Amino acid sequence: MISLRTTLQRKSRRRFYGDGILGALLLLLVIVPALLAPWLPLPDPLTNNLAAAFLPPDGHHLLGTDQLGRDLLSRILSGTRLSLMVVMLAAVIAAVIGSALGMIAGYTGGWLDALIMRLMDIQLAVPFILLILLVMALFGASLTNIILIMGVTSWAIYARVARAKTLEIRELEFIESVKAMGFSTPRIVLRHVLPNLMTPLIVLLTLDIPRLIVLEASIGFLGMGIQPPTPTLGNLIGEGRSYMLLAQWLVLYPGLVIAALVIGCNLLGDSLLRKTHTRLD
């Protein structure tokens, strides 16, 4: 007779496989066309054609045109590609900084751990959007600045997870064994602690990317991100909000793309998280 726990585990397994597949499909539906956009037969996303302004979706312009007659589908795909590049680079920077500081704090302990924890508390206490807008106002909204600022202001959550996991790992017997063999601290951290952190950090990355997508879109919407005519998902919505009553598609379609990316990443991240917990059980 199949136990209740086995039945629940099977249902949970089917659920996270289903969520993971749905999330992956949503992401592929958005990312693949964005990556292939330079080779697709689409109009230049930066070329104006005032005679074709505010055309509704039709056979020639699948998602319509904007206030300057530019093809919206071409601009969305170009903006998606740029927004994803910004988000992924920022996420990598945040993960590297946070993981390094978290491992140092968790493994060394003492005053260094206390210092990093206080920096982490300060970072988490400051609203991300206000801090980023302040830095943008001071240093400008270049692509490099946006990537660096988003990355540097997002490290705390990775540091917290890395520190907690490192505190567990450093008490394991194999760490005591390599210490007894005379391995240096950097070698122990890089060769024995870091590999055991990769799974939770990758799961955390998939769950944090949706936040960065919304954050990047919010910056663009407020006009503090990458400036037009270069399209991003945020500034497309920001430009289109003035014409919502005339051309609703200018806001609708970029918003749907953002929603698909966020939902897809969340479903995939939740699936990976449940799968990790199932393995641990």
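Hi everyone, let me start with a cavity: H9 gives the largest share of the lining of the second largest cavity, three residues. Before I go on, please keep in mind that this is a predicted model.

So, which residues line that second largest cavity? They are Asp66, Gln67, Leu72, Arg75, Leu236, Glu239, Gly240 and Leu250. Two elements give two or more residues to this lining, namely H2 and helix H9, which spans 233-240. By class, the lining splits into three nonpolar, two polar and three charged residues. The volume of this second largest cavity is about 40 Å³.

How many cavities of 30 Å³ or more does the count give? It comes to two, so let's turn to the largest cavity, with about 50 Å³ of space. Around it you'll find Thr80, Ser83, Leu84, Val87, Ile213, Glu216, Ala217, Leu233, Ile258 and Leu261. H2, H8 and H10 each bring at least two residues to the lining of the largest cavity, and H2 gives the most, with four. In that lining, seven residues are nonpolar, two are polar and one is charged.

Last, a helix pair. Helix H6, residues 156-169, packs with helix H8, residues 185-221, at an angle of about 150°, and their axes are 10 Å apart. Why do we call the two roughly antiparallel? Angles over 145 degrees count as roughly antiparallel, and therefore H6 and H8 get that description. The crossing of H6 past H8 is right-handed.

If you'd like to find the contact on your screen, look on the H6 side for Ile157, Tyr158, Val161, Ala162, Lys165, Thr166 and Ile169. On the H8 side, they meet Val193, Asn196, Leu197, Pro200, Leu201, Leu204, Leu205 and Asp208. Taken by class, the contact of H6 with H8 has eleven nonpolar, two polar and two charged residues.

Notes. Residues numbered from 1 in each chain as written. Predicted model: local features only at pLDDT ≥ 70, side-chain atom pairs only at ≥ 80, totals over all residues. Heavy atoms only, no water. Axes fitted to C-alpha atoms, helices over the stretch in contact; angles between N-to-C directions. Parallel < 35°, antiparallel > 145°, perpendicular 65-115°, else oblique. Left-handed = near helix turned anticlockwise from the far one by under 90°. Contact = heavy atoms within 4.5 Å. Nonpolar A, V, L, I, M, F, W, Y, C, P; charged D, E, K, R; others polar. 1 Å grid on protein atoms, 1.4 Å probe; cavity = no way out; pocket = protein on both sides within 12 Å on 5 of 7 lines; lining within 4 Å. Points joined across faces, edges and corners; volume = space filled by probe spheres on them.
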